[in-house]
Amino acid sequence: MSSSVRYRRVKDLGEVIKMSRGRYQSQGGAFAGLLVVLLPVFWPQLFSPLGHALPSVFSEWKAPKPRHLPLIRGALSRPVNGDSDLWSPMPDYGWRRCDEPQATRSSNTQSQGFIQIFLDGGLNQQRMGICDAVAVAKILNATLVIPYLEVNPVWKDSSSFGDIFDVDHFIDALKDDIKIVRELPDEFSWSTREYYATGIRDTRVKSAPLHASANWYLDNVLPILQSHGIAAISPFSHRLAFDNMPVHIQRLRCKVNFQALTFVPHIKALGDTLVQRLKYQARKDEEGKYIRETTEKVLDEGSGKFVVLHLRFDKDMAAHSACDFGGGKAEKLALAKYRQVIWQGRVLNSQFTDEELRSKGRCPLTPEEIGLLLAALGFDNSTRLYLASYKVYGGEARISTLRKLFPWMDDKKSLASEEELSKVEGKASLLAAVDYYVSMQSDIFISASPGNMHNALVGHRSYANLKTIRPNMVLLGQLFLNKSMEWIDFQKAVVDGHKNRQGEIRLRKPNQSIYTYPIPDCMCSS
C-alpha cells in the first residue's frame with residue numbers, strides 16, 4: 001500500500017498522530033517531518049491566513065451553540081405580525097435631486113494633462129474612490145483615465161473597472177463635466193502600474209494626505225501635470241476632503257455615485273432575475289428549475305416584498321473586532337493567531353474585554369443576533385429574506401439559528417442556477433455588485449455591522465428615499481449582555497430603540513462622508 005493511500009484524509013489531528021506513531025514510532029525526526037508535510041494537505045486553512053472567508057478548522061470541529069436560547073424560544077413562538085407600518089414606504093421628506101445646468105465643461109477648455117488613479121480595497125471602497133477621482137480631475141481641469149482597480153490581497157479578485165461598471169454609460173453621463181478616456185495615448189503608454197512599482201517616479205503622487213483639500217491638489221499635483229502631462233496618484237482611498245468643497249464639486253461626486261456608476265448589463269440582468277424570484281417566491285424544484293409559489297397575500301399586494309440583510313461576518317471582521325462569538329477556546333485561539341499574522345497583533349479592540357466591547361456597541365452582530373433583532377422589530381417567519389454576503393465565518397452552523405427564525409431566507413446560490421452564476425462565481429467584486437443591485441431593489445435593507453457596503457447603501461437608499469434600518473449597536477450590545485432578559489422585554493426595548501432608525505432623513509455633519517449622508521450637499525429641499 002502506498003504512503004498516499006496509507007495516510008488518507010482523516011477527521012482529526014488525533015487520528016493522524018495515532019497513525020503516524022504506529023508507523024514511525026522509532027523515527028522521531030521523521031514523525032515530526034511527516035506532520036509538517038501532512039498538516040498543510042489536511043488543514044490548508046491553518047496555513048492560509050488570507051483565506052479569511054473560510055471558517056477555521058477549529059470552529060468547524062465544534063459548531064458554536066446558540067448564545068441567547070431564552071430569546072430564541074420567545075422569537076420562535078412569536079405571532080405572525082399584521083403591522084402594515086413595517087412595510088410601508090418612506091414618507092416624502094421633500095428632498096429632490098438638484099437641477100443643474102446641463103453643460104459645465106467647455107469643449108474649448110484645454111486639459112492640463114492626464115490623471116491616473118490606482119484604487120485598492122473592496123468594491124464599495126473603490127466606488128467611493130472613483131467618485132473622488134472624477135472630482136479631482138474636475139478640480140485640476142484634467143483628463144481622467146478610467147481608474148485602475150488593484151487586485152485585493154484578501155479577496156484576490158482581478159476584476160477591472162469595465163468588468164463591473166458600464167464604461168460607455170460612465171463616460172457619457174459625465175461628458176459635460178470632465179473628459180474621460182479608456183486608456184492613455186501611445187506617448188504615455190509607459191505609465192503603468194508596473195512602472196511605478198519598480199522605482200521612484202517623478203510622475204507618481206504617493207503623498208496625498210487623507211481627506212486632502214482642493215487646494216492641496218492644486219498646489220501639489222497641478223505642477224506635475226503641467227511639467228509632465230500626466231500624474232499617477234496612488235494610494236488614493238479617502239484622499240479628498242468632505243468639507244469646505246465647492247458646491248459643484250460636491251454635487252459632481254454624488255452625480256458620479258448615484259447616476260454615472262451603473263453595473264454592466266449581465267450583473268443587472270442577474271440582479272433582476274433574483275429580485276423577481278424573491279418577489280414571487282420562486283424556489284428550485286427537484287430538477288433544479290425555478291417555480292413560483294405565489295401566495296394569496298402576494299396576489300393581493302401585486303408583488304411580494306422582501307428584506308435584504310447584509311451579513312458581513314467573515315473571518316476578517318470577527319478577528320479584527322476581538323469579540324467573543326461563542327466558539328470556545330479553540331475559536332479564540334484561531335482568531336488571535338489570525339490577528340497576529342495579518343495585523344501583527346496591532347488591533348485596538350484587543351485591549352478591551354468582550355463585555356466592554358459589547359457595551360460600547362463595538363462587536364458585529366452575529367447571524368443569531370441579527371435574527372433576533374429582525375424578529376423583535378416584527379418580521380415573522382413568512383418574511384422573504386435575501387442574504388447579501390460573500391461567505392460567513394463558521395458556515396451553515398453559524399447561520400442555522402437565523403434560518404430557523406426565517407425559513408424563507410435565500411442567497412444567490414439558492415435562487416440562481418450554476419449557469420446563471422457562471423459569469424460572477426468566484427469573483428468577489430462581481431458578487432458584491434449583484435448584492436448591491438438587489439439591495440437597491442429591496443423594500444427594506446439592514447446591515448449587521450458598519451462597513452463600506454453598509455455606508456454606501458445607507459447613502460444611496462437615502463438618496464432614493466428607501467427604507468433602511470440602522471441597528472442601534474450600543475443598545476443591542478447591552479441587551480445581549482443581559483442573559484436574564486425575557487423576550488417581551490427585549491422586544492419592547494428593541495422597538496423603542498429603533499423608532500427613529502428606519503430611514504429618516506439625517507443631515508450630514510462635519511467630517512462625515514458625503515456618500516453615506518448625501519443631504520444637504522447633493523439634494524435640494526422643495
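**Largest pocket**

I counted the lining of the largest pocket by class: 13 nonpolar, twelve polar and nine charged residues. For classes I took Ala, Val, Leu, Ile, Met, Phe, Trp, Tyr, Cys and Pro as nonpolar, Asp, Glu, Lys and Arg as charged, and the others, Gly among them, as polar. I am working on a predicted model, where local features need pLDDT of at least 70, side-chain atom pairs count only at pLDDT 80 or more, and totals for chains, interfaces and linings use all residues. Residues are numbered from 1 along each chain as its sequence is written, and side-chain values use heavy atoms, with hydrogens and water left out.

The pocket search ran on a 1 Å grid over the protein atoms alone; a pocket is an open set of points with protein on both sides within 12 Å along at least five of seven lines, a cavity is a set where a 1.4 Å probe fits but cannot get out, and lining residues have an atom within 4 Å of a point. Points are joined across faces, edges and corners, and a volume is the space filled by probe spheres set on them.

I read a volume of about 760 Å³ for the largest pocket. Its lining has 34 residues; Gly122, Leu123, Trp155, Arg312 and Asp314 lie nearest the centre. I then looked up which elements give two or more residues to this lining, and found α6 (123-140), α22 (428-441) and α23. α22 gives the most, with five residues. Helices here are DSSP runs of H or I with at least four residues, strands are runs of E with at least two, and both are numbered from the N terminus.

**Cavities**

I found three cavities of 30 Å³ or more. The largest cavity holds about 160 Å³. I listed 16 lining residues for it, with Val458, Ser462, Gly503, Glu504 and Arg506 nearest its centre. α23 gives the most to this lining, with three residues. By class I get seven nonpolar, five polar and four charged.

The second largest cavity has about 50 Å³. Among its lining residues I noted Arg358, Arg362, Glu369, Met473 and Phe480. α24 contributes the most here, with three residues. The classes are four nonpolar, two polar and three charged.

**Helix pairs**

I checked α24 (residues 473-481) against α25 (residues 487-497): the axes come within 10 Å and cross at roughly 170°. Axes are lines fitted to C-alpha atoms, for helices over the stretch in contact, with angles from 0 to 180 degrees between N-to-C directions. α24 and α25 are therefore roughly antiparallel. The term covers angles over 145 degrees, while under 35 is roughly parallel, 65 to 115 roughly perpendicular and the rest oblique. Leu475, Leu476, Leu479 and Phe480 of α24 meet Phe490, Ala493, Val494 and Gly497 of α25 (contact means heavy atoms within 4.5 Å).

Next I took α12 (residues 247-260) and α23 (residues 452-463), whose axes come within 11 Å and cross at roughly 85°. That makes α12 roughly perpendicular to α23. Asn257, Phe258 and Gln259 of α12 touch Gly459, His460 and Tyr463 of α23. Two of the contact residues are nonpolar, four polar and none charged.

**Sheet**

I traced an open sheet of five strands in the order β12-β11-β10-β13-β14, with parallel pairing. Strands pair if DSSP finds at least two bridges between them. β10 (residues 306-310) and β11 (residues 384-388) run parallel, joined by five bridges. Leu309 stands opposite Leu387 in β11.
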